[in-house]
Amino acid sequence: MAGQSSRTSPKVAVLLGGPSAEREVSLSSGNACATALRDTGYQVIEVDAGPDLASVLTREKPDAVLNCLHGRWGEDGCVQGILEWLGIPYSHSGVLASALAMDKQRSKDVYRAAGLPVVDSVIVAASEVSRSHVLEPPYVVKPNNEGSSVGVYLVPEGSNAPPVLGSEMPETVMVEAFAPGRELTTTVMGARALGVTDILTDGWYDYDAKYKPGGSRHVIPADVPNEISELCLDYAVRAHNALGCRGISRTDFRWDESKGADGLILLETNTQPGMTPTSLTPEQAQFAGISFGEMCAWMVEDASCNR
């Protein structure tokens, strides 16, 4: 950790909560990581990130920050900028990579430039989406800068009417061609892809499926051909590097097995994947022989500024 003090046991501030739509998930992630770090021997303070975040960190003087915030403000470059300004080493990606990955449309531009496969999408006004079909169904409507399947609408094939969007949706949204098939995901830790998980649900992989016990079933290693597994590992590392990610990231895929390798497309890269009891990244670390405590400690030791 750059700038670590001389105290024997480093002091780590775990950032959690915050004002985003993913606050509850962040609280769960942060609590789990804080417990693991204490068990590993770190001094830990848990900081619910609010408008006074800079003053709290200035007062507490941590050696490093483990950023367990999810969604806007905590995962989009805003908090990263504060930490750079304060000169406190922090985990995960820096300002630019965080902002790029949170903006789904711009991250797709980066993927395309890196030769990675994506589906077509457009950014339009939510009011326009509710008036008429922007794309030929099936398609998906989602916020361009949220995660965890917050505010996702699936418009099925043959749908006559456009979706009625709820008040939780922003003024502009992403409309994306629906990618059929299986949901696969791969975590990257440093320069290493940890594994491929097949996510099985009874329906759409929404917020409840991600975070409620029994909402989904994770199969690791995924029961897919070696070619597809190797492509997921390769694409995840390439996406991580193309966006300029640091620390840990997780890239999500759809795979249409009827098309073989041509049916694998990237959905998005999460620069601060969940660390809850039902989260995918801790499972993949365990599959790779890395305990939850070891992973949390690695993120702290990997912390730096100028990320």
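The model on screen is predicted, with local features needing pLDDT of at least 70 and side-chain atom pairs counting only at pLDDT 80 or more, while totals for chains, interfaces and linings use all residues. Residues are numbered from 1 along each chain as its sequence is written, and side-chain values use heavy atoms, with hydrogens and water left out.

**Around Asn144.** Keep Asn144 selected and show its surroundings: leaving aside neighbours within four places in sequence, Asn144 is in contact (heavy atoms within 4.5 Å) with Met102, Asp103, Lys104, Gln105, Ile123 and Met174. Asn144 lies in the loop between S5 and S6, where helices (H or I, at least four residues) and strands (E, at least two) are DSSP runs numbered from the N terminus. Is Asn144 buried or exposed? With a relative accessibility of 12%, Asn144 counts as buried, since buried means under 20% relative accessible area, exposed over 50% and partly exposed in between, with a 1.4 Å probe and protein chains only. For a distance across the model, pick Asp48 as well: its C-alpha atom is separated by 25 Å from that of Asn144, and the two residues are 96 apart along the chain.

**The sheet.** Next, colour the strands S4, S7, S5 and S6, which in that order form an open sheet of 4 strands with antiparallel pairing; two strands pair if DSSP finds at least two bridges between them. Strand S4 (121-125) and strand S6 (153-155) stand at the edges, and because each has a single partner strand, one side of each is left without a neighbour in the sheet. Neighbouring strands of this sheet are turned by 25° against each other on average, direction ignored, with axes taken as lines fitted to C-alpha atoms, for helices over the stretch in contact, and angles running from 0 to 180 degrees between N-to-C directions.

**Strand S5.** Now select residues 139-142, strand S5, which 3 bridges join to S6 in an antiparallel arrangement. Across to S6, Tyr139 stands opposite Val155, and Val141 has Tyr153 as its bridge partner. Turning to strand S7 (residues 172-177), you will find 4 bridges to S5, again antiparallel, and here Lys142 stands opposite Met174.

**Backbone details.** Most residues other than glycine have a negative phi, and most peptide bonds are trans. Step back from S5 to Pro138, in the loop between helix H6 (126-131) and S5, where a cis peptide bond with omega of about 5° joins Pro137 and Pro138. Another cis bond joins Ile220 and Pro221, with omega of about 0°; Pro221 is in the loop between strand S11 (217-219) and helix H8 (226-243).

Lys61, in the loop between helix H2 (53-60) and strand S3 (64-67), has a positive phi of about 50° although it is not a glycine, and at 58% relative accessibility Lys61 counts as exposed. His92, which is not a glycine either, has a positive phi of about 65°; the place of His92 is in the loop between helix H3 (78-86) and helix H4 (95-102), and at 4% relative accessibility His92 counts as buried.
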